Amino acid sequence: MDCIFCKIANGEIPSNKVYEDDQVCAFYDLEPQAPVHVLIIPKKHIASVMELEEENAAVVSHVFLVAKRLAKELNLANGFRIVSNCGEDGGQSVHHLHFHLLGGRSMKWPPG
């Protein structure tokens with residue numbers, strides 16, 4: 001499989017990791033959209049939200065627990081945003097389920 005996020009999760013491509021366990025890894029985005037911009041990805045390849053099933057959905061709740069932990073560690077006490085783009089029209093550019101943890105500034109709505 002030629003998935004950049006799988007290669008990052010497997011250590012084949014270097015990244016600036018801020019967290020890793022047996023289910024997920026988190027690393028700084030190369031093109032940050034906020035002072036803090038971390039990507040949290042499941043290590044197992046899931047292409048998008050549309051591929052979630054009963055047998056693989058538990059990783060999503062784990063991602064949110066990791067996001068909570070990272071928000072504390074990265075001093076995002078004033079708030080943060082978690083985003084997961086799905087599909088071409090949703091802005092998904094890497095077809096591996098991932099969540100953007102954004103913070104360190106006031107987030108406007110709708111996002112730009």
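Contact, throughout this talk, means heavy atoms within 4.5 Å. By that criterion, and not counting residues up to four places away in sequence, V38 touches V18, A26, F27, Y28, D29, L70, L74, F99, H100 and L101.

Before I go on, a word on the source. This is a predicted model, in which local features need pLDDT of at least 70 and side-chain atom pairs count only at pLDDT 80 or more, whereas totals for chains, interfaces and linings use all residues. Residues are numbered from 1 along each chain as its sequence is written, and side-chain values use heavy atoms, with hydrogens and water left out.

Let me turn to the sheet. Helices (H or I, at least four residues) and strands (E, at least two) are DSSP runs, numbered from the N terminus. Two strands pair if DSSP finds at least two bridges between them. On this basis 5 strands form an open sheet with antiparallel pairing, in the order β1-β2-β3-β5-β4. Its edge strands are β1 and β4 (80-83), each of which pairs on one side only. On average, and with direction ignored, neighbouring strands are turned by 20° against each other; the axes are lines fitted to C-alpha atoms, for helices over the stretch in contact, and angles run from 0 to 180 degrees between N-to-C directions.

Within β2, C25 is the bridge partner of E20, and F27 is that of K17.

F27 leads us to the aromatic residues. Rings of Phe, Tyr and Trp (its six-membered ring) pair if their centres lie within 6.5 Å; planes under 30 degrees apart count as stacked, over 60 as edge-to-face and the rest as tilted. The whole structure holds 2 aromatic pairs. One of them joins F5 and F27 edge-to-face, at 5.7 Å centre to centre and 70° between the planes. Because F5 lies in helix α1 (residues 4-9) and F27 in strand β2 (residues 24-28), this pair ties together parts that are 22 residues apart in sequence.

Buried means under 20% relative accessible area, exposed over 50%, and partly exposed in between (1.4 Å probe, protein chains only). F5 is buried at 6% relative accessibility, and F27 is buried at 4%.

F64 and F99 also pair edge-to-face, at 5.8 Å centre to centre and 75° between the planes. With F64 in helix α2 (residues 58-73) and F99 in strand β5 (residues 99-103), the pair ties together parts that are 35 residues apart in sequence. F64 is partly exposed at 40% relative accessibility, whereas F99 is buried at 7%.

Next, the interior. A nonpolar core is a set of buried Ala, Val, Leu, Ile, Met, Phe, Trp, Tyr and Cys residues joined through side-chain atoms within 4.5 Å. Which members of the largest core touch the most other members? Of its 18 residues, they are V24, V38, I40 and L70. At least two residues each come from β2, β3 (36-42), α2 and β5, and α2 supplies the largest share, 7 residues. A second, separate core of 10 residues includes C6, I8, F27 and L39.

Finally, H100, which is found in strand β5. At 12% relative accessibility, H100 is buried. Its side chain makes a polar contact with the side chain of H37 (2.7 Å). A polar contact is a pair of N or O atoms within 3.5 Å; within protein, one must be able to donate a hydrogen and the other to accept it, and residues adjacent in sequence count only if both atoms are side-chain atoms.
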